Amino acid sequence: MRLISLSSLIFSAICAVSSPVAAEPTPVVVELFTSQGCSSCPPADELVKRLSEREDILPLAFHVDYWDYIGWADIFADPAHTDRQRGYAQVGGRNMIYTPQMIVMGREDVVGADVMEVSEVLGSYVGQKPKMHLTVARDSETLAVRAPELPDGMSGQFRVQLVRYMPLKRVEIKRGELAGNTVDYANIVESVQVLTDWTGAEPLELSVALPGDLPAAVLVQEWPFGPILAAARAD
């Protein structure tokens with residue numbers, strides 16, 4: 001079986017999302033919940049690969065484990081990713097989870113394989129002024145994270161998270177619904193570490209260990225599983 005290539009459609013749709021003249025300090029965060037055992041997921045995986053080429057969009061692929069039983073265990077799957085997806089569903093009042101699902105900026109629930117819908121949602125976020133100023137600086141194996149206190153009326157409960165991810169990996173799938181296919185996966189989430197919970201009432205200043213050379217990103221998110229206020233890459 002050979003997958004139908006959607007590269008040209010995806011490229012056209014992504015190009016239709018206008019880019020600001022200069023990259024925004026806060027990229028638009030797109031979380032894809034996907035699985036190597038899901039026959040509907042490759043178009044969404046390809047979309048993440050395309051989005052990863054843009055500076056103003058930060059796609060993150062969270063591989064879930066609940067399709068592993070059908071003949072192929074996703075080599076990137078993590079039960080914590082499934083828990084994250086369930087957390088979004090609970091907060092959003094949804095009684096089911098599915099793949100491929102995209103959550104944009106912690107707010108929008110989009111079918112990840114629907115290229116035109118994804119493009120439309122992204123168009124409403126790209127170029128928006130960030131709600132807070134977040135900076136990160138990587139020095140050897142240390143990461144400094146800083147943000148000023150939030151203005152009056154914006155304080156609340158926020159979770160500062162460090163995400164490590166693998167830029168690209170090609171996988172030959174030998175069993176399950178995608179048996180015989182070779183798929184390129186981009187921005188594969190390896191771990192999510194809670195750095196601190198923050199109210200925004202005082203400046204944020206952190207220094208954390210960042211061993212290895214995997215890319216990283218810091219997310220500041222209203223908690224539990226609310227809107228993402230800001231994100232910053234630490235490649």
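**Briefing: cores, sheets and ring pairs**

Of the 235 residues of the protein chain, 47% count as buried, meaning under 20% relative accessible area with a 1.4 Å probe, protein chains only; over 50% is exposed, and in between is partly exposed. This is a predicted model, in which local features need pLDDT of at least 70 and side-chain atom pairs count only at pLDDT 80 or more, while totals for chains, interfaces and linings use all residues. Residues are numbered from 1 along each chain as its sequence is written, and side-chain values use heavy atoms, with hydrogens and water left out.

**Overall make-up**

- The protein chain has four helices and 11 strands. These are DSSP runs numbered from the N terminus: helices are H or I with at least four residues, strands are E with at least two.
- Contacts here are heavy atoms within 4.5 Å. Among those in the protein chain with a separation of 6 or more, 71% join residues 24 or more positions apart.

**Nonpolar cores**

- A nonpolar core is a set of buried Ala, Val, Leu, Ile, Met, Phe, Trp, Tyr and Cys residues joined through side-chain atoms within 4.5 Å.
- In soluble globular proteins, nonpolar side chains tend to be buried together.
- The largest core here has 35 residues. Those touching the most other members are V28, V29, L60, M102, V104, L122 and L219.
- Strand β1 (residues 28-34) gives this core its largest share, five residues.
- V29 shows how far such contacts reach along the sequence. Leaving aside neighbours within four places, V29 touches L58, L60, I103, V104, M105, L219, I228 and A231.
- A second, separate core has 21 residues, including V145, A147, V208 and V220.

**Strands and sheets**

- Strands of a sheet pair through backbone hydrogen bonds, either parallel or antiparallel. Two strands count as paired if DSSP finds at least two bridges between them.
- Five bridges join β5 to strand β6 (residues 142-147) in the antiparallel sense. T135 stands opposite R146 in β6.
- Elsewhere, strand β10 (residues 216-222) pairs with β11 in the antiparallel sense over six bridges. Q221 has I228 in β11 as its bridge partner.
- The hairpin of β10 and β11 has five residues between the strands, and F225 there takes a positive phi near 50 degrees.
- Strand β11 (residues 228-234) has six of its seven residues buried, so it is largely enclosed by the rest of the structure.

**Aromatic pairs**

- Rings of Phe, Tyr and Trp (its six-membered ring) pair if their centres lie within 6.5 Å; planes under 30 degrees apart are stacked, over 60 edge-to-face, and the rest tilted. The count comes to seven aromatic pairs.
- F76 and Y185 have ring centres 6.1 Å apart and planes at 75 degrees, so this pair is edge-to-face.
- The two residues lie 109 residues apart: F76 in the loop between β2 (57-63) and α3 (79-91), Y185 in strand β8 (residues 181-198).
- F76 is buried at 11% relative accessibility, and Y185 is buried at 1%.
- Ring pairs also link F33, F62, Y88, W223 and F225 into a cluster.

**Cysteines**

- The structure holds zero disulfides, a disulfide being a pair of cysteine sulfur atoms within 2.5 Å.
- C38 is buried, with a relative accessible area of 5%. C41 is buried at 0%.
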